[in-house]
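Dear colleague,

I am passing on the structure below, which is a predicted model.

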Amino acid sequence: MEDVLDVYTRPYDPRRPQVCLDEASTQLLGEVAPPLPPAPGRPAREDYEYERRGTATLFLCCEPLRGWRHVTVTERRTKVDWAHAIRDLVDARYPDAERIVLVMDNLNTHTPASLYEAFPPAEAKRLADKLEIHDTPKHGSWLNMAEIELSVLARQCLDRRIPDADTLRREVTAWADARNGAAAVVDWRFTTDDARIKLKRLYPVVNEAPAAPSLITRFVHHNRRHDRLV
């Protein structure tokens, strides 16, 4: 936890951008009956029935210090999908970066080994060498600021029925462009000092062993015991 919090205190450096990555699934839902448009004195209406059309996965990466984010839509969230998201991050989003400081949760697909399943060894190593990975701890994925962006995305863009992946791509791209145009940032204030106070129960308790009595202390106690016996 403190490792991730220390990353968030680093100043902005375009050569080593701090990027948060997370993914989430969303349902694709089609209409059974055409919705009714709004009219004077009447809001838009939609039928309560809908058609399930599968799911899609959203890979969201964001750079909180720059107020930038990007969303990729895929069919699944496998190791290979994650690996392709990483290559897009390295080659398309940050081609000039020396290294990408990457914060993610510790999902089993989020490892350099996934790169070797998707690409030849030389390509996998090239991509892995561009990453400085910082995993959030178990049950601590809330430390990943990409989760905050996914929450905003769900409220502002995914709170309606989206029928297919193409429509989803257009919607999330428009959402990201609007957020990037406004340079919306995450005002992160939780620090390591806060963690040591508010999450004190998560830290191990160190019980210091009592110091051994000195030679003088043992001598005094021996003399007192001798005097009582006399």
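The largest cavity holds about 60 Å³ of space, and a search of the whole structure finds 1 cavity of 30 Å³ or more. Its lining is made up of Leu21, Phe59, Cys61, His70, Thr72, Ala85, Asp88 and Leu89. Two or more of the lining residues come from each of β2 (50–63), β3 (68–74) and α2, with α2 giving the most, namely 3 residues. Sorted by class, the lining of this cavity has 5 nonpolar, 2 polar and 1 charged residues.

At least two lining residues are supplied by each of α1 (2–8), β1 (18–31) and β4 (100–104). Of the residues in the lining of the largest pocket, 14 are nonpolar and 3 are polar, while no charged residue is found there.

Helix α2 (residues 79–93), which also lines the cavity, packs with helix α4 (residues 121–129) at an angle of about 70°, their axes being 10 Å apart. The two helices are therefore roughly perpendicular to each other, and the crossing of α2 and α4 is left-handed. On the α2 side the contact involves Arg87, Val90 and Asp91, which meet Glu123, Arg126 and Leu127 in α4. By class, this contact between α2 and α4 has 2 nonpolar and 4 charged residues, with no polar ones.

With best wishes

Terms used:
Residues numbered from 1 in each chain as written. Predicted model: local features only at pLDDT ≥ 70, side-chain atom pairs only at ≥ 80, totals over all residues. Heavy atoms only, no water. Helix = DSSP H or I, 4+ residues; strand = E, 2+ residues; numbered from the N terminus. Nonpolar A, V, L, I, M, F, W, Y, C, P; charged D, E, K, R; others polar. Axes fitted to C-alpha atoms, helices over the stretch in contact; angles between N-to-C directions. Parallel < 35°, antiparallel > 145°, perpendicular 65-115°, else oblique. Left-handed = near helix turned anticlockwise from the far one by under 90°. Contact = heavy atoms within 4.5 Å. 1 Å grid on protein atoms, 1.4 Å probe; cavity = no way out; pocket = protein on both sides within 12 Å on 5 of 7 lines; lining within 4 Å. Points joined across faces, edges and corners; volume = space filled by probe spheres on them.
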